[in-house]
Amino acid sequence: MKSIVIVDDRVTNRRILSRLASELDSKPDVETFGGPVLALGWLEQNEPDLVVTDYKMPNLDGAEFVQSLRRLPTCADAPVIVVTAYEDKGFRYDALNAGATDFLLSPVDHEEFRARARNLLTLRYQQCLLKRRAAQLQDKLELSNRLHKVALKESKEQLRLVMNTIPAMISATNAEHRYVFMNNYQAWMPGIDPEDVVGKHA
């Protein structure tokens, strides 16, 4: 189930936004907080799908709150709507630079809120799907690499076993003419241990 966090120091605003959020088609869980500090404490342990915050609040303003929120691993990618009564674009720029995703002017138009929240929740859902798919592909790749290494090791061991049963002198050296392999028959002839010659110059 989707989770929406609403942060506003005014009770009336919290009630309105909470009601609008709960009326969305996805029927999300809605958590409300009267201040940014309480919200940050909750967000440290919980991952929201959408955060809606007022700009003018005690302790931290909207930009400072968003900046603090973005430092939390649970909120690095969560969409954030900042609600502001200020027409001054400077406030919007500050919030955008801090990591806000979208804006709404207060008093909030109900239809606009629903549309923007719905779009951002859809975007969040698609982002989560992509993350899960990427993680699954990474797991498959790692499994494939492990299986490949096991198969290669088994293949080398089988080849070594075959060469050690052949009554013929078989050995291999690298580009520096140092032994990388000598079969048992060739080592038996001079009476040496085939493992002892590995790394030695031919």
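**Exercise 1. Is Tyr185 buried, partly exposed or exposed?**

Solution. This is a predicted model. Take the relative accessible area of Tyr185, which is 31%. Buried means under 20%, and exposed means over 50%. Tyr185 is therefore partly exposed.

**Exercise 2. Find the aromatic pairs and classify each one.**

Solution. Step one: count. The whole structure holds 2 aromatic pairs.

Step two: take Phe33 and Trp42. Their ring centres are 5.8 Å apart. Their planes meet at 50 degrees, so this pair is tilted. Phe33 is buried, at 11% relative accessibility. Trp42 is partly exposed, at 22%.

Step three: take Tyr185 and Trp188. Here the ring centres lie 5.9 Å apart. The planes are at 35 degrees, so this pair is tilted as well. A stacked pair needs planes under 30 degrees apart, and an edge-to-face pair needs over 60.

Tyr185 and Trp188 both belong to helix α6, residues 184–188. They sit 3 residues apart, about one turn of the helix. Trp188 is exposed, with a relative accessible area of 60%.

**Exercise 3. Describe the largest pocket and its lining.**

Solution. Start with the volume: the largest pocket holds about 280 Å³ of space. Its lining has 17 residues. Closest to the centre are Asp8, Asn13, Asp54, Val83 and Ser106.

Next, sort the lining by class. There are 8 nonpolar, 4 polar and 5 charged residues.

Then ask which elements contribute. Helix α1 (11–22) and strand β4 (80–84) each give at least two lining residues. The largest share, 3 residues, comes from α1.

**Exercise 4. Which residues have the most contacts inside the largest nonpolar core, and which elements build this core?**

Solution. The core has 22 residues. Leu43, Phe65, Leu69 and Val82 have the most contacts inside it.

Now list the elements. At least two residues each come from β1 (3–7), α2 (36–43), α3 (62–70), β4 and α4 (89–98). Helix α3 gives the most, with 4 residues.

Look back at Phe65. Leave out residues up to four places away in sequence. Phe65 then touches Val7, Pro36, Ala39, Leu40, Leu43, Val51, Thr53, Met57 and Leu60.

**Exercise 5. What does Tyr55 touch, leaving aside its neighbours within four places in sequence?**

Solution. Locate Tyr55: it lies in the loop between β3 and α3. Check its accessibility. At 5%, Tyr55 is buried.

Now read off the contacts. Tyr55 meets Asp61, Gly62, Ala63, Val82, Val83, Thr84, Tyr86, Phe91, Asp94 and Ala95. Among these, Val82 is one of the residues with the most contacts inside the largest core.

Finish with a distance. Tyr55 and Gly34 are 21 residues apart in sequence, and their C-alpha atoms are 13 Å apart in space.

**Exercise 6. Is Pro28 buried or exposed, and which residues does it touch?**

Solution. Pro28 lies in the loop between α1 and β2 (29–33). Its relative accessibility is 8%, so Pro28 is buried.

For contacts, skip residues up to four places away in sequence. Pro28 touches Met1, Lys2, Ser3, Ile4 and Ala21.

Last, compare chain and space. Pro28 and Leu50 are 22 residues apart along the chain. Their C-alpha atoms are separated by 9.9 Å.

Conventions: Residues numbered from 1 in each chain as written. Predicted model: local features only at pLDDT ≥ 70, side-chain atom pairs only at ≥ 80, totals over all residues. Heavy atoms only, no water. 1 Å grid on protein atoms, 1.4 Å probe; cavity = no way out; pocket = protein on both sides within 12 Å on 5 of 7 lines; lining within 4 Å. Points joined across faces, edges and corners; volume = space filled by probe spheres on them. Nonpolar A, V, L, I, M, F, W, Y, C, P; charged D, E, K, R; others polar. Core = buried A, V, L, I, M, F, W, Y, C linked by side-chain atoms within 4.5 Å. Buried < 20%, exposed > 50% of the residue type's maximum accessible area, 1.4 Å probe, protein only. Contact = heavy atoms within 4.5 Å. Phe/Tyr/Trp six-rings, centres within 6.5 Å; stacked < 30°, edge-to-face > 60°.
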